Amino acid sequence: MNSRAIMHLAISLACFFIILTTLTTSGDASADRAQMIREILDGHNAARKAVGVPPLAWDTSLATYARVYANQRRADCKLVHSPGYAFGENLFWGQGRRWSAAEATAAWVAEKQWYHYANNSCSGQECTHYTQLVWRTTTRVGCSKIICNSGDTFIACEYHPSGNYIGQRPY
């Protein structure tokens, strides 16, 4: 099975499960979701513009996958990556409920300080969240934010096509 077929299968399964678990949506939830989408796209696309790569578009299928996966982490809120299939993925955990999508994106963008374009490496700290966020060939993103059973915040973003290929520069 090729990666495109796997991606479609994963998205189809994720959509099926989200439909089963989400039968109604309140107006407040819709407004919160719209704000989260704006925060994600604004933060991602500002970082992408700064390095000269095209903006990302929101993808509801990726957001559905992110929601299904985030719900699997609800009990433990651990930063464990999903199988992902053909997706890139950024995960964020913050203690307490107050964390926004803008703050998660800002944390990933802040990793730019550890990325060195000249030799395509990270120094000292993690920078692969940043490089996925600005990966030139990535065109779509979808994310989900949940509050874990502990009361902490968990945010998952899925990217397609994925990035962070060893030996390749993000832009």
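Buried, in what follows, means under 20% relative accessible area, exposed means over 50%, and partly exposed is in between, with a 1.4 Å probe and protein chains only. By that rule S100 is buried, at a relative accessible area of 18%.

Before I go on, the model is predicted: local features need pLDDT of at least 70, side-chain atom pairs count only at pLDDT 80 or more, and totals for chains, interfaces and linings use all residues. Residues are numbered from 1 along each chain as its sequence is written, and side-chain values use heavy atoms, with hydrogens and water left out.

Back to S100. This residue is in the loop between β2 (88-94) and α4; helices (H or I, at least four residues) and strands (E, at least two) are DSSP runs, numbered from the N terminus. Contact means heavy atoms within 4.5 Å. Setting aside neighbours within four places in sequence, S100 contacts E39, K145 and I155.

Next is helix α4, residues 101-110, where A101, A104, T105 and W108 are buried. Why do they lie on the same side of α4? They cover an arc of only 95° around the axis, the arc being that of the directions from the helix axis to the C-beta atoms. In general, an α-helix has 3.6 residues a turn, so residues three or four places apart point the same way.

A101 also brings in T153, as the C-alpha atoms of these two are 9.9 Å apart in space and the residues 52 apart in sequence. T153 is in strand β6 and is buried, at 0% relative accessibility. Beyond four places in sequence, its contacts include F92, W93, W99, K145 and I147. A polar contact is a pair of N or O atoms within 3.5 Å; within protein, one must be able to donate a hydrogen and the other to accept it, and residues adjacent in sequence count only if both atoms are side-chain atoms. For T153, a polar side-chain atom is 2.6 Å from the backbone oxygen of G96.

R48, in helix α2 (residues 27-50), is also buried, at 0% relative accessibility. What lies 3.0 Å from a polar atom of the R48 side chain? The backbone oxygen of W135 does, and so does the backbone oxygen of T138. Residues that R48 touches, not counting those up to four places away in sequence, include V53, P54, L133 and R136.

Last, the aromatics. Rings of Phe, Tyr and Trp (its six-membered ring) pair if their centres lie within 6.5 Å; planes under 30 degrees apart count as stacked, over 60 as edge-to-face and the rest as tilted. The structure holds 6 aromatic pairs. One of them, Y117 with Y171, is stacked, at 5.1 Å centre to centre and 20° between the planes. Y117 is in the loop between β3 (115-116) and β4 (121-122) and Y171 in the segment after β6 (153-160), so the pair ties together parts 54 residues apart in sequence. Y115, Y117, Y130 and Y171 form one aromatic cluster. Y117 is partly exposed, at 38% relative accessibility.

A charge sits over a ring if NZ of Lys or CZ of Arg is within 6 Å of the ring centre and within 35 degrees of the ring normal. R169 lies over the face of Y117, at 4.9 Å from the ring centre, and R98 over the face of W99, at 4.0 Å.
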